Amino acid sequence: MAPESNSESEWASLPEELLDSILGHLASMADCIKFSAVCSDWRRIAYKNYRNPPCDPPRRHQLPLLMVPTPDSSTDTRSLYDVRRKRLYDFRLKVPYHRRCAGSSHGWLIFVDDSYQVTLFNPFSGKSIHLPPIRRLFFEKRIRDEVDEMWVLPDYEKYQYKKKLREEYDEEEKEYVPDIDEIEFYNDGEDEGDELEQDIEHEEGESRDPEFRPERFHESEYSVVRGVLSTNPEINPNGYFLMVIYGTQSSLAFVKSGDEYWTYIDKSICDQNVRDVVKCTYVDRGLWYRRDIVYRNGLFYVLDHLGVLLSCDLKTNLKVEKITGIDTLHDELNNKSYLVESSEGDLLRVIRVIEYEYRYGMTIKFVVYKLVDFCGDPHWTKVNSLGNDALFLGDNHSISVVASNFVGCQPNSIYFCDDCDDFYDCGGPNDIGVFNLHLIAIF
């Protein structure tokens, strides 16, 4: 043991300026992680450079790594897998288990547990930031637990039953389609007032809604689908936002650093000056079709299943605008949509076309659309090539990279992994591959 201790001491005694120089010449994040694993002093240097990067930081190119179970199925740590090199790295990350990972943003993992507590966790520094629980999910869980009993009640009794539950949790879930003058924001800490009479009328017609089924109240993994940060909390600890898609209706909520409560973006909110306001029954009643979020140029962008794109400005007066309207390009419920920013700054809508046999789905192809604004008319237009870009799509994070920066990375391709984890069998996920847009084939 003594020689090992002396060796570690020798490594730790190297001058800090030399270690800074070594770190500055490392091209990949994987090498930086290995650097930080040498000893505690090297880890301190790596963390210092991460927190306070030099004025001219090295340009590091790193493809996304898959966080996977360890070979020995540890319940305390996870490994990282390099899809390009098809290599499992031999170091381990101490990552909490039994929590839904709803996002990977700016180096932070976004976890939610069964108490709906949201936690930001940095797997490399080990730091955690605890955010308020999403209280509206408590109401939804109660509805899910009691849906069988509630569904057989007459419409008015069903309304009264829901109202009683809302009062228990100090929550109001107005589900009617509002007039534009009724659009508003709600906050966890605010009293939302009494139910309106229109609610009763809407509830009484609810059982006749062909889009509504009790099975929509399925038990998801703690009910948060996607989370995206506006900036790195380490760099801007007092000025970051987190936006999430949550709940059985895929609603939107956000929290700012220091907030005690989440703010919910309810119903169809948009700026009054937008020419085509969001005032559509499908968008209101079909909130479970919100699919993805991207933060770009100071705004959050939210994509739903039918191509509606919203921009959300959270910095000042909570302004939400509708960018594109509903289309029927890919309205099959089996398909999955992603929103990705290309390397050139374009917003891409990526449709994953899935075929199901029994309950297992397999990807057969991808279709890509780009947001274009011709004469003030923003719309999605199909693109047949990604050029030198490669997309990496995942259930909790998606990015684009310039393929030529990475040896072995295929341009004009989409790397994807299995997102349908509701029905994994003992063999685990198997819908994984690389889709080439030119060949229209999966490898």
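Predicted model: local features only at pLDDT ≥ 70, side-chain atom pairs only at ≥ 80, totals over all residues.

Colleague: How many bridges join strand E14 to E15?

Modeller: Strand E14 (residues 290-296) and E15 are joined by 6 bridges, and the two run antiparallel. Within that pairing, Val 294 has Tyr 301 of E15 as its bridge partner.

Colleague: What lies between the strands in the hairpin of E14 and E15?

Modeller: There are 2 residues between these strands, and in this hairpin Asn 297 takes a positive phi near 50°.

Colleague: And what about E15 and strand E16?

Modeller: E15 pairs with E16 (residues 309-313) over 4 bridges, again in the antiparallel sense. Leu 303 stands opposite Leu 309 in E16. E15 and E16 also form a hairpin, with 4 residues between them, and Gly 307 in its turn has a positive phi of about 85°.

Colleague: Why is strand E15 described as largely enclosed?

Modeller: Strand E15 (residues 299-304) has 6 of its 6 residues buried, so the rest of the structure largely encloses it. Buried here means under 20% relative accessible area.

Colleague: Which residues lie on each side of E15?

Modeller: In a regular strand, side chains alternate between the two faces of the sheet. For E15, Leu 299, Tyr 301 and Leu 303 are on one side, with Phe 300, Val 302 and Asp 304 on the other. All of these are buried, and both faces are covered.

Colleague: Changing topic: in what order do the strands of the open sheet come?

Modeller: Its 4 strands are ordered E5-E6-E7-E8, with antiparallel pairing. Strand E5 (100-105) and strand E8 (128-131) are the edges, each pairing on one side only. From one strand to the next, the twist averages 20°. E5 and strand E6 (residues 108-112) pair over 5 bridges, and Arg 100 stands opposite Val 112 in E6.

Colleague: Now the helices. At what angle do H5 and H7 pack?

Modeller: Helix H5 (residues 136-145) and helix H7 (residues 155-168) pack at about 140°, and their axes are 10 Å apart. The crossing is right-handed. Phe 139, Arg 142 and Ile 143 in H5 meet Lys 162, Leu 165, Arg 166 and Glu 168 in H7. By class, that contact has 3 nonpolar, no polar and 4 charged residues.

Colleague: Finally, what share of the whole protein is buried?

Modeller: Of its 443 residues, 47% count as buried. The secondary structure comes to 9 helices and 26 strands.

Key: Residues numbered from 1 in each chain as written. Heavy atoms only, no water. Axes fitted to C-alpha atoms, helices over the stretch in contact; angles between N-to-C directions. Left-handed = near helix turned anticlockwise from the far one by under 90°. Contact = heavy atoms within 4.5 Å. Nonpolar A, V, L, I, M, F, W, Y, C, P; charged D, E, K, R; others polar. Pairing = 2+ DSSP bridges. Buried < 20%, exposed > 50% of the residue type's maximum accessible area, 1.4 Å probe, protein only.
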